[in-house]
Amino acid sequence: MQLLLYLEARMSKVAPNMCEIIGPKCTSLMVSAAGGITELSKIPACNILVIGSEKRALNGLSASNAGIHRGFLNDLEMVKQAPLAFQTQLLRILSTKCALAARVDAFKTSPAGSYGIKLREEIQERFNKIQDPGQARLTKVLPKPD
């Protein structure tokens with residue numbers, strides 16, 4: 001526990017871009033679960049989504065509310081406040097942007113965290129676009145048959 005608290009305090013130096021996206025607590029959990037920021041940068045986004053998830057035995061029970069494929073990212077306030085219908089899409093967006101931020105942090109190309117701020121704005125912009133209701137489709141009149 002003390003190690004995670006220490007990691008949480010030092011995360012802004014180790015992975016500043018990921019801290020801008022998901023915060024230092026979740027970043028420290030993901031980096032420690034992966035074995036380091038370099039190892040985390042090698043993990044594909046689809047697997048970053050499930051880092052920290054628990055395997056559950058659902059012997060004959062429904063898996064609809066189990067939240068099986070949700071790891072540390074599921075504990076973020078942004079995800080908890082999102083409507084239930086859009087949570088999976090938000091988690092996928094977050095995992096892809098976290099994969100990009102981890103790669104930037106591993107190679108230290110943006111040590112100030114400016115790329116993470118840009119990614120966070122893209123996440124919010126894209127999620128707002130997904131939540132907006134689309135335009136109603138216009139019914140097109142068929143041409144007069146020959």
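The model described here is a predicted one. The residues of α3 that count as buried are Cys26, Thr27, Ser28, Leu29, Met30 and Val31. Just past the end of α3 comes glycine 35, whose phi is positive, at about 100 degrees.

## Packing of α1 against α3

Two packed helices are described by the angle between their axes and the distance between the axes. For helix α1 (residues 2-14) and helix α3 (residues 24-34), the angle is about 115 degrees and the axes are 8 Å apart. The crossing of these two helices, α1 and α3, is right-handed. By class, 6 nonpolar, 3 polar and 2 charged residues make up the contact of α1 with α3.

On the α1 side, the contact is made by Leu4, Leu7, Glu8 and Met11. These meet Pro24, Lys25, Thr27, Ser28, Leu29, Val31 and Ser32 of α3. Of the α3 residues in this contact, Thr27, Ser28, Leu29 and Val31 are among the buried ones.

Arginine 10 is also part of helix α1. Its relative accessibility is 41%, so arginine 10 counts as partly exposed.

## Packing of α7 against α8

Helix α7 (residues 87-107) packs with helix α8 (residues 114-131) at an angle of about 165 degrees, and the two axes are 10 Å apart. Because of that angle, α7 is roughly antiparallel to α8. The crossing of α7 and α8 is right-handed. The contact of α7 with α8 has 11 nonpolar residues, along with 1 polar and 3 charged ones.

From α7, the residues in contact are Gln89, Leu90, Ile93, Leu94, Lys97, Leu100, Ala101 and Val104. Their partners in α8 are Tyr115, Leu119, Glu122, Ile123, Arg126, Phe127 and Ile130.

## Leucine 119 in α8

Leucine 119 lies in helix α8. Its relative accessibility is 1%, so leucine 119 counts as buried. Leaving aside residues up to four places away in sequence, leucine 119 touches Ile21, Lys97, Leu100 and Ala101. Of these, Lys97, Leu100 and Ala101 belong to the α7 side of the contact with α8.

Leucine 119 and glutamate 20 are 99 residues apart in sequence, yet their C-alpha atoms are 8.6 Å apart in space.

## An aromatic pair

A pair of aromatic rings is described by the distance of the centres and the angle of the planes. The count of aromatic pairs in the model is 1. The pair is formed by phenylalanine 86 and phenylalanine 127, with ring centres 6.4 Å apart and planes at 85 degrees, so it is edge-to-face.

Phenylalanine 86 sits in the loop between α6 (77-81) and α7, and phenylalanine 127 in helix α8, so the pair ties together parts that are 41 residues apart in sequence. The two residues fall into separate accessibility classes: phenylalanine 86 is partly exposed, at 24% relative accessible area, whereas phenylalanine 127 is buried, at 9%. Phenylalanine 127 is also among the α8 residues that meet α7.

Leucine 76 is in the loop between α5 (45-48) and α6. With a relative accessible area of 11%, leucine 76 is buried. Apart from residues up to four places away in sequence, leucine 76 touches Ile22, Cys26 and Leu94. Cys26 is one of the buried residues of α3, and Leu94 is one of the α7 residues that meet α8. Between leucine 76 and proline 133, which are 57 residues apart along the chain, the C-alpha separation is 25 Å.

Glutamine 87 is in helix α7. It counts as buried, at 9% relative accessibility. Leaving out residues up to four places away in sequence, glutamine 87 touches Arg70, Val79, Lys80 and Ala82.

## Lysine 108 in the α7-α8 loop

Most residues other than glycine have a negative phi. Lysine 108 has a positive phi, near 55 degrees. This residue, lysine 108, is in the loop between α7 and α8. Lysine 108 counts as exposed, at 53% relative accessibility.

Definitions and conventions: Residues numbered from 1 in each chain as written. Predicted model: local features only at pLDDT ≥ 70, side-chain atom pairs only at ≥ 80, totals over all residues. Heavy atoms only, no water. Axes fitted to C-alpha atoms, helices over the stretch in contact; angles between N-to-C directions. Helix = DSSP H or I, 4+ residues; strand = E, 2+ residues; numbered from the N terminus. Parallel < 35°, antiparallel > 145°, perpendicular 65-115°, else oblique. Left-handed = near helix turned anticlockwise from the far one by under 90°. Contact = heavy atoms within 4.5 Å. Nonpolar A, V, L, I, M, F, W, Y, C, P; charged D, E, K, R; others polar. Phe/Tyr/Trp six-rings, centres within 6.5 Å; stacked < 30°, edge-to-face > 60°. Buried < 20%, exposed > 50% of the residue type's maximum accessible area, 1.4 Å probe, protein only.
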